[in-house]
Amino acid sequence: MLINVAETVVADALRGMAAAHPELTVDVENRVVVRADAPVAGKVALVSGGGSGHEPLHGGFVGPGMLSAACPGEVFTSPVPDQMVRAAAAVDSGAGVLFVVKNYTGDVLNFDMAAELAEDEGIQVAKVLVNDDVAVTDSLYTAGRRGTGATLFVEKLAGAAAEAGMPLERVEAVARRVNDNSRSFGVALSPCSTPAKGSPTFDLPAGELELGVGIHGEPGRERRPMMTSGEIADFAVHAVLEDLDPRNPVLVLVNGMGATPLLELYGFNAEVQRVLGERGVAVARTLVGNYVTSLDMAGASVTLCQIDEELLRLWDAPVRTPALRWGM
Amino acid sequence: MLDADFFRRWLTTAAAAVDREADRLTELDSPIGDADHGSNLRRGFAAVTAAVEKEAPDTPGAVLMLAGRQLISTVGGASGPLYGTLLRRTGKALGDAAQVAETEFAQALRAGVDAVATLGGSAPGDKTMLDALLPGVDALSTSFAAACEAARQGALATVPLQARKGRASYLGERSVGHQDPGATSSALLFEALADTAAATKEASA
């Protein structure tokens, strides 16, 4: 691993981020990344966060048109309420703050505590939970569907809604609509290694793949001998479409898990588009790249988000962040 | 009667136990979690020790409230809010008495454990820290040593269980056969409690 010591990986990355992005205010000690022009008068603020190891999520999505602030936790460990309250206080213009929370027990508990504390400080807070991973079929005896690729869609579209001046309840409604209309399915070709452990956190023999993997290496639906890109696309897209029956066009995210080359991701996208065509699903926009990663895991995920005219307009709206940038 | 010093020593002993067992906790967290329970708790309890020594609160309730706040502010994940709530709610239930009887402490700790169950939405048998906390607090009416033993047995009894909460729940049947790291660290708290009580008895004998 390209690190100094495991204990400082998050702080080291934040120092590097600060050096690369003067348009962000990076508080390394308190672990908060804030857009430098915050608070923006009259604008609803978006705050997200989660364990580190999924970069560019979330810090790479801070900037005009997307997040107001991000709170990175330790690797694969949710941040603490103090970070979220600090972030909320830094970005709140008085128009309120929307917390974007991925559905993991730790993230939910810490953001819930933060919301209470922030409200005590007079900040109006709304929360939206992202839970798009269709690989989790049993929601009664598990912690429920995990938040994965749809987080990017929620943060981009709700971020654009906030930038357009919508009030908190409308920004929250957009975020909820995006999550309700998004589904994801991920595949791992190799496991990931956390800096603290230094070796793979789960066992996946070479020549096998995990279908339905989570972004922390959580197990999916089944394990199979290696399949071709086309076969994986068939499996993943069908799994998503079992749960989402889009009548409108969709946004497509073909997302790399961290260690899969862009060459392979584009090839995979060609197969994803083929399957969508066969299933009669109209594609409005497609994004290909490493956006919601899992350290050094090889693999990819597919996220579809059914949109309407308003959501398409919000998707095309200008955005300027380290990892996502167009129109400005 | 138990005073603030007793609770400070409990937490310091617990911090030492967590530090000593951190690698084992992380190892248990590897097959059914994400291999960080030991390092996260070590960070949290180091902060607890530093805070209670620096601020030296003078009532049992204040010691536990301070410790809980430190855990919430430094651990992250699910275990930060859960352990933080356990200590905070227990401390709150003790009020501002300078000394508390063992029975009062047992009642307060039960309120803390109940708060953990509510916050985590979990029940006994879900393969969580509750599976050590509940038997531990049940046996506290007998003795500190009995509570330690009951919590330890409770942690061991999580091995055949299938996880229904937290990240381990995604493993389904594959979570069977592994001891729950949260129940294991909960048993460490009871072990530290029994050690502290034994040391107190020795010192006064």
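**Sheets and a helix**

Me: Which residue is the bridge partner of A:Leu46 in E5(A)?
Reply: In this predicted model, A:Leu46 has A:Leu98 as its bridge partner in E5(A).

Me: And how do strands E3 and E5 of chain A pair?
Reply: Strand E3 of chain A, residues 45-52, pairs with strand E5 of chain A, residues 97-102, in the parallel sense, and the pairing runs over 4 bridges.

Me: What is the strand order of the open sheet they sit in?
Reply: The order in chain A is E1-E2-E4-E3-E5-E6, an open sheet of 6 strands with mixed pairing. Strand E1 (24-27) and strand E6 (125-130) of chain A each have a single partner strand, so they stand at the edges with one side left without a neighbour in the sheet. Neighbouring strands of this sheet are turned by 20 degrees against each other on average, direction ignored.

Me: OK, over to the sheet with E9 in chain A: what order does that one have?
Reply: That open sheet also consists of 6 strands, ordered E9-E8-E7-E12-E10-E11 in chain A, and its pairing is mixed. Its twist averages 15 degrees from one strand to the next.

Me: Which helix lies across E7, E10 and E12 of chain A?
Reply: Helix H4 of chain A, residues 150-163, lies across those strands and runs at about 45 degrees to E12(A).

Me: Switching to chain B, is H3 mostly covered or uncovered?
Reply: H3(B) is mostly covered, with 11 of its 15 residues buried, including B:Val63, B:Leu64 and B:Ile72. Just after H3(B), B:Gly76 takes a positive phi of about 75 degrees.

Definitions and conventions
Residues numbered from 1 in each chain as written. Chains lettered and ligands numbered in written order. Predicted model: local features only at pLDDT ≥ 70, side-chain atom pairs only at ≥ 80, totals over all residues. Pairing = 2+ DSSP bridges. Helix = DSSP H or I, 4+ residues; strand = E, 2+ residues; numbered from the N terminus. Axes fitted to C-alpha atoms, helices over the stretch in contact; angles between N-to-C directions. Buried ≥ 20, exposed ≤ 12 C-beta atoms within 10 Å, placed from the backbone. Contact = placed C-beta atoms within 7 Å.
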